Amino acid sequence: MHTPPSPPGAGRADGSSVRIGALVPLTPPGWVEAGRHLLAGLELAVREVNDSGGIGGRPLELVVRDTAADPQRAAAAVDELARLGVAAVAGEYHSVVARAAAARADALGLPFLCSSAVLDALTEQPTRWVARLAPAQSHGWRIYADFLLGAGHSRIAVATQPSVYWATGTRMLREYLAPRGAAVVELDVRDLDPAAVCDELVEHRATALLLLVGHPEPAVPIVRAVRRDRRLAEIVIGAPAGQPEFPEWATLLGGDGAAIPFLRYLPERLGPLGARVGAALRERLGQAPSFVAFEGYDTVVVLADVLRAQGDEDEARAGGPWPRVAVEGTRGRIRFSRTPGISVWQWTWAPTQVVDRDPADPDRFRILHAG
């Protein structure tokens with residue numbers, strides 16, 4: 001365990017605000033819709049913390065930085081936020097971006113609570129400075145693989161793009177499915193247009209196609225091509241990373257975007273807190289909140305608890321606030337632990353479902369499987 005040579009200040013004792021840095025993808029090529037939902041959750045929780053007296057009578061302030069899905073930009077933002085004296089850093093949706101932010105936060109000894117990124121290896125070595133709310137990719141994708149097996153799929157194609165996240169997902173699926181009698185074939189969309197993807201699916205006699213690619217390009221054109229190919233009328237399209245969660249998916253694809261199973265991190269029924277927050281988020285966003293918005297809200301709930309419990313943010317930063325956390329979030333009781341194979345403090349686990357959009361009503365979600 002190391003201590004930072006010169007830890008950033010965490011706010012002053014003169015009644016000024018306690019600042020939290022927020023990393024959010026707000027411009028392309030970042031997933032802007034995910035960023036908007038994440039920020040809505042963060043902002044709503046900050047407002048509620050302040051309405052209930054803030055942190056020891058001092059207001060909580062969010063200092064937002066747009067990562068635009070750029071790891072270098074995120075790392076630079078962590079450096080800037082540290083210089084500004086934030087008590088902690090929060091947020092981020094994209095896994096490769098969160099990994100860069102986590103490395104900088106760890107090096108600086110600055111607490112970072114990752115809201116939404118799932119890559120198992122967020123840091124190279126175990127760290128006391130970084131914690132995560134979202135389930136690790138290995139946990140969620142095994143649940144998704146169990147869903148595929150339960151639905152009888154043994155010939156699974158994955159459409160992929162170059163990325164640590166997609167490559168890791170492909171490997172996890174292959175390692176989990178192969179011993180259970182299922183084959184995974186990889187289709188690199190750099191070399192295949194949507195029509196060629198369809199030809200490959202026919203040639204390999206695939207019964208399921210998983211979209212391990214960006215949204216809206218090339219995910220949307222691939223879905224359209226597969227839906228229109230009569231040879232593939234029986235194939236199931238899946239999107240474990242959650243592309244169909246957001247309203248833009250239904251707007252772009254209409255009925256073609258329904259019946260595409262994906263992972264989301266919500267319970268079957270929200271409790272009183274989750275229901276109240278969900279209604280407030282819906283009003284703030286002007287649409288149904290995604291699980292990402294709830295992750296944003298829960299992030300601030302956790303950090304406010306950490307800061308209040310310590311009383312002094314410098315003390316909170318002195319090392320390892322995460323094991324003492326025990327708070328009620330929108331999706332259940334949040335505690336952090338050391339989980340085998342995970343280098344950061346981890347909530348084990350947020351509720352995990354496989355859901356899809358109902359073909360009869362694409363704005364309605366159907367729960368197909370729960371982990």
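Two residues are in contact here when they have heavy atoms within 4.5 Å of each other. With that in hand, take Glu 295: leaving aside its neighbours within four places in sequence, this residue is in contact with Ser 115, Ser 116, Leu 133, Ala 134, Tyr 265 and Arg 331. Before going on, keep in mind that you're looking at a predicted model, where local features need pLDDT of at least 70 and side-chain atom pairs count only at pLDDT 80 or more, while totals for chains, interfaces and linings use all residues. Residues are numbered from 1 along each chain as its sequence is written, and side-chain values use heavy atoms, with hydrogens and water left out.

Glu 295 sits in helix 10, residues 291–310. Helices (H or I, at least four residues) and strands (E, at least two) are DSSP runs, numbered from the N terminus. Glu 295 is buried, yet it has no salt bridge. Buried means under 20% relative accessible area, exposed means over 50%, and partly exposed is in between, using a 1.4 Å probe and protein chains only. A salt bridge needs a side-chain nitrogen of Lys or Arg within 4 Å of a carboxyl oxygen of Asp or Glu. For Glu 295, the nearest side chain of opposite charge is Arg 331, 4.3 Å away. When it comes to charge, Lys and Arg count as positive and Asp and Glu as negative, while His and the chain ends are not counted.

So what does Arg 331 pair with in a salt bridge? Its partner is Asp 298, and the closest N and O atoms are 3.1 Å apart. Arg 331 lies in the loop between strand 11 and strand 12 and Asp 298 in helix 10, so this pair ties together parts that are 33 residues apart in sequence. Are the two partners buried or exposed? Arg 331 counts as buried because its relative accessibility is 5%, and Asp 298 counts as buried because its value is 0%. The side chain of Arg 331 also has a polar atom 3.1 Å from the backbone oxygen of Tyr 265. Not counting residues up to four places away in sequence, Arg 331 touches a set of residues including Leu 266, Phe 294, Trp 347 and Pro 351.

Val 301 is buried, with a relative accessible area of 18%. Leaving aside its neighbours within four places in sequence, Val 301 is in contact with Val 327 and Glu 328. The C-alpha atoms of Val 301 and Glu 328 are separated by 8.2 Å, though the two residues are 27 residues apart along the chain.

Now for the nonpolar cores. A nonpolar core is a set of buried Ala, Val, Leu, Ile, Met, Phe, Trp, Tyr and Cys residues joined through side-chain atoms within 4.5 Å. The largest one has 74 residues, and those touching the most other members are Leu 60, Leu 113, Trp 141, Leu 210, Val 302, Trp 322 and Phe 336. Helix 10 turns up again, giving the largest share of this core with 12 residues. Apart from this core lies another, of 28 residues, among them Leu 211, Ile 237, Ile 260 and Phe 262.

Next stop, helix 4. Its 14 residues (137–150) should span 20 Å at 1.5 Å a residue, and its end C-alpha atoms are 20 Å apart, which agrees. The expected span is 1.5 Å times one less than the number of residues. Helix 4 is mostly covered, with 10 of its 14 residues buried, including Trp 141, Tyr 144 and Phe 147. After the helix comes Gly 152, whose phi is positive, near 85 degrees.

Finally, back to charges. How many salt bridges does a search of the whole structure find? There are 16. In one of them, Glu 80 pairs with Arg 65, with the closest N and O atoms 2.9 Å apart. This pair links distant parts of the chain, with Glu 80 in helix 2 (residues 71–83) and Arg 65 in strand 2 (residues 60–66), 15 residues apart. Glu 80 is partly exposed at 26% relative accessible area, and Arg 65 is partly exposed at 24%. Asp 256 and Arg 228 also meet in a salt bridge, at 2.5 Å from N to O.

Conventions
A polar contact is a pair of N or O atoms within 3.5 Å; within protein, one must be able to donate a hydrogen and the other to accept it, and residues adjacent in sequence count only if both atoms are side-chain atoms.
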